[in-house]
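Open the model in your viewer and keep the selection panel at hand. The stops below go from charged side chains to rings, then to the core and the surface.

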Amino acid sequence: MIIVTALTPVPNKFITFGTCVKSMVMLKTFLFIFLGGGLGSVFRYGTSLLTQKFYTNSFPLATFFVNVIGCFLIGLLVGFSNKLFATNTDLRFLFITGFCGGYTTFSTFGFENIQLIQNNQLGLAFTYIGLSVLIGLLAVWFGLFLAK
């Protein structure tokens with residue numbers, strides 16, 4: 001076991017080689033999520049621009065499209081994850097956590113609710129849906145109120 005004491009920020013605490021390797025793996029995971037999230041954000045913006053080019057009504061169709069497409073993508077990617085990412089979990093972090101998370105967090109919301117429903121937790125699913133919408137709207141209103 002290699003002990004690195006020169007990097008120790010706190011006296012009497014040791015950083016082992018194993019800890020350094022785990023930290024590097026975690027850093028690599030964060031990097032994949034970061035890259036996927038950035039790419040997802042750019043695609044979200046592109047989807048919004050494209051939608052607004054052809055649709056100018058007051059209904060927020062661009063956001064609606066992004067949310068539906070994101071839900072479809074996370075379902076597709078999770079459904080195929082054993083085939084697509086069986087040997088490479090980095091791709092799971094890049095596409096599912098990163099890209100879908102950057103594209104829309106609504107996809108995660110949809111997926112989590114489907115999991116609750118599939119696990120016969122209907123009450124919990126509808127509570128989560130209702131509270132998320134209600135408290136989310138109240139939080140936006142309160143933020144706007146505070147900013148005045």
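A salt bridge here is a side-chain nitrogen of Lys or Arg within 4 Å of a carboxyl oxygen of Asp or Glu. The model is predicted, so local features need pLDDT of at least 70 and side-chain atom pairs count only at pLDDT 80 or more, while totals for chains, interfaces and linings use all residues. Residues are numbered from 1 along each chain as its sequence is written, and side-chain values use heavy atoms, with hydrogens and water left out.

**Stop 1: the salt bridge.** Select aspartate 90 and lysine 28. Their side chains form a salt bridge, 3.0 Å from N to O, and a search of the whole structure finds 1. Aspartate 90 is in helix H4 and lysine 28 in helix H1, so the pair ties together parts 62 residues apart in sequence. Helices are DSSP runs (H or I, at least four residues), numbered from the N terminus. Are these two residues buried or exposed? Aspartate 90 is buried, at 14% relative accessible area; lysine 28 is partly exposed, at 41%. Buried means under 20% relative accessible area, exposed over 50%, and partly exposed in between (1.4 Å probe, protein chains only).

**Stop 2: the rings.** The structure holds 8 aromatic pairs. Rings of Phe, Tyr and Trp (its six-membered ring) pair if their centres lie within 6.5 Å; planes under 30 degrees apart are stacked, over 60 edge-to-face, and the rest tilted. Select phenylalanine 43 and phenylalanine 99: this pair is edge-to-face, 5.5 Å centre to centre with 70° between the planes. It links phenylalanine 43 in helix H1 (residues 17-54) to phenylalanine 99 in helix H4 (residues 89-103), 56 residues apart. Phenylalanine 43 is partly exposed at 47%, whereas phenylalanine 99 is buried at 12%.

**Stop 3: the core.** Which residues make up the largest nonpolar core? Select Ile74, Leu77, Phe85, Ile96 and Cys100. Such a core is a set of buried Ala, Val, Leu, Ile, Met, Phe, Trp, Tyr and Cys residues joined through side-chain atoms within 4.5 Å. H2 and H4 each supply at least two of its residues.

**Stop 4: the second ring pair.** Select phenylalanine 59 and phenylalanine 64, an edge-to-face pair at 5.9 Å centre to centre and 65° between the planes. Phenylalanine 59 is partly exposed at 45%, and phenylalanine 64 is partly exposed at 43%. Phenylalanine 64 is in helix H2 (residues 61-79).
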